[in-house]
Amino acid sequence: MRRLTTFITARATSWIVLGIALLGSAALFAIGSGTTSESAPGPGLPDTAESVRVSELQRTLPSADATSALFVFSRDGDSLTDDDLTAVGEAAADLSAFARDGFVPPPTVSDDSTAAIVVVPLEIADDIDSQSERASELREIANASLPDGLTALLTGAEGFEVDLSAVFDGADFTLLLTTVIVVAILLIVTYRSPWLWIVPLVVIGTADGLAGIAAARVASLIGITLDASVTGILSVLVFGAGTNYALLLIARYRDELRLIADRRHAMEKALRGAGPAIIASGSTVVLSLLTLLFAELTGNRALGIACATGIVVAMIFALIVLPPTLLLFGRGLFWPYVPKFGSEDRSARGVWARLGRFVSLRPAAVAIVGVLVLGGLALGVTQAQTGLAQTERFIQAPEAVQGQQVIADSFAAGSGSPTAVIVNAEYADDTAEVAASIDGVDSATVGEGDGEIVQVNVVLSAAAETEEAFDVVRELRTELDSIEGADALVGGLDAQALDVSEATRADQNLVIPLILVLVLIVLMILLRAILAPVLLLATVVGSYFASLGASWLLFQTVFGFPALDTNVVLLSFLFLVALGVDYNIFLVTRANEEARVLGTRAGMIRALAATGGVITSAGILLAAVFAVLGVLPLITLTQIGIIVCVGVLLDTLLVRTVIVPALAFIAGDTFWWPRRPHPTAPGTRRAG
């Protein structure tokens, strides 16, 4: 590693590194990603899922090349008047100009006369832009001549696709701009310099741009297209992790500038000191993310490969591009707090050193209090509910959600999204009869067929994507499976959501243990110990449950979220364990280094004093960056952002500063078991 760090920092070769980085970056930006991201994420189910098999069979039906726009007309819960019904009929006639075959069926009025539904058959749009443009024209026509107080809302599958696309329209730019502003402000506060913050921000910002291109290219190799939700999380992760690596390197560089006169030698020493921790940290995150490649859901696999690629790019820029970039400037880059050669190291008298000495005097009591705090917060997990309906996934309800709520109030709740059952043609009537007899089914009617198979349309009484609807779908699958020879398959929106929920649960059961094993192995290799890695991993897992419990209380009392989305548990666990262990790595690798000279107790205090400020700054920055996900109007991303934000703050301010040092003090030299540190005599401590 010495030759590489010398090449990166030497006067003659650092320019070569920068030149290669500049040319390589320009080439990648010129090539581009080569793919077009979808505006919104799809379900990403495997081909074996029952709802996916239904979708494939529906392609053979006569209406396979058709879709429909569903308009619901209402007067805020009041009964529709005769004039209202006349206006609805006229609107339906006007909408027929867009209809497939020029015909729109007569409106369907609810039994209580509070709402009317108009279904407009449509050709399938070529892309989301033309679909959105058509939806705008349809909305304008539907509402053009309505009496005062009567409204027409576009909902159903077409409405949800358009509104979900609108949610992600421009989301990447909004998220990126907010992230850059947050990172810039926190770097200015951290460095208290008018220009030092610019260097890491430019380097990591460039890494983020390249990470998006590289991730799209890598994902395309395995047949995955990245959607806006994945690219949004990718930017947040690259900025957060990349800036953390930059903070750690710059802090070590500042320390070495006090001890070494030549700034290039100081950077080389800093790179050799911080490099292993950054590599171990990044490798842990990358390996954890790659476990998602074993997931069933395409969205999880896409997130794993994209974010793993992004972290690799962030590490490369932090370790290879940032050092020579910093060396372009002298010590004045740190102005007004310039680290002068031979100046005193004040960290030994700072707040973190004092905290370390305090914890070392009462480690057992401190550890017990810390564990009780985590345990108390984790109690909130016992009350957490999972599973959001389609209408509950938006921070602000779009038109499609409002329309679905009107339908649920006036018709059978599942009217807007009937369940589709595909059966062999000769069993269609029997299937409809059995389906109609199931509790929770409002109606079952035989629909179109192609001579071999027929679609039976089943309307559920329960609202879409609720546990009640899932229970009915499960019972439908069980009962219809008993009709020998029917080969019944149950699909549609509710069945798809159920399949996604079950696939997510399967992904959790597979991926979470893999993450724990991989993180443990990385820690064991890094520290060449067994006990310390086990304790570190236990603290991170405890921090995760505490953050999940605390966040659930926030969701209930402050945000009013009804439940956690199904994928939130897995993704928040992934990010918190992988990123949370970073701070333990930063602390314990320094403690391991110091313990070889000072012993375990003094080494941990020294490590806490040396890394306390930078790790706290890094944790606060990472927490703030993930909180930025809240600017997007999807509850799922907001929940992930808040859980990771709370968890990172717990890791930074409680676990890493209090609990881990306390456990190290309690264990003593056994902390490094089976290896034992061999401190040298006093006065022989290494420089820096």
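A polar contact is a pair of N or O atoms within 3.5 Å, where within protein one atom must be able to donate a hydrogen and the other to accept it, and residues adjacent in sequence count only if both atoms are side-chain atoms. Such a contact, of 3.5 Å, joins the side chains of Asn584 and Thr539. The model is predicted, so local features need pLDDT of at least 70 and side-chain atom pairs count only at pLDDT 80 or more, while totals for chains, interfaces and linings use all residues. Residues are numbered from 1 along each chain as its sequence is written, and side-chain values use heavy atoms, with hydrogens and water left out.

Asn584 lies in helix H19 (residues 568-598) and, at 1% relative accessibility, counts as buried (under 20% relative accessible area). Beyond its neighbours within four places in sequence, Asn584 is in contact (heavy atoms within 4.5 Å) with residues including Leu536, Val655 and Arg656.

| Helices | Angle | Axes apart |
|---|---|---|
| H9 (residues 228-259) and H20 (residues 600-627) | about 170 degrees | 9 Å |
| H16 (residues 467-481) and H17 (residues 493-527) | about 95 degrees | 9 Å |

H9 and H20 are therefore roughly antiparallel to each other (an angle over 145 degrees), and their contact involves, among others, Gly240 and Leu247 of H9 and Ala618 and Leu622 of H20. The residues of this contact of H9 with H20 divide into 12 nonpolar, 5 polar and no charged.

The angle between H16 and H17 makes H16 roughly perpendicular to H17 (65 to 115 degrees).

Terms used
Helices (H or I, at least four residues) and strands (E, at least two) are DSSP runs, numbered from the N terminus. Buried means under 20% relative accessible area, exposed over 50%, partly exposed in between (1.4 Å probe, protein chains only). Axes are lines fitted to C-alpha atoms, for helices over the stretch in contact, and angles run from 0 to 180 degrees between N-to-C directions. Angles under 35 degrees count as roughly parallel, over 145 as roughly antiparallel, 65 to 115 as roughly perpendicular and the rest as oblique. Ala, Val, Leu, Ile, Met, Phe, Trp, Tyr, Cys and Pro count as nonpolar, Asp, Glu, Lys and Arg as charged, and the others, Gly among them, as polar.
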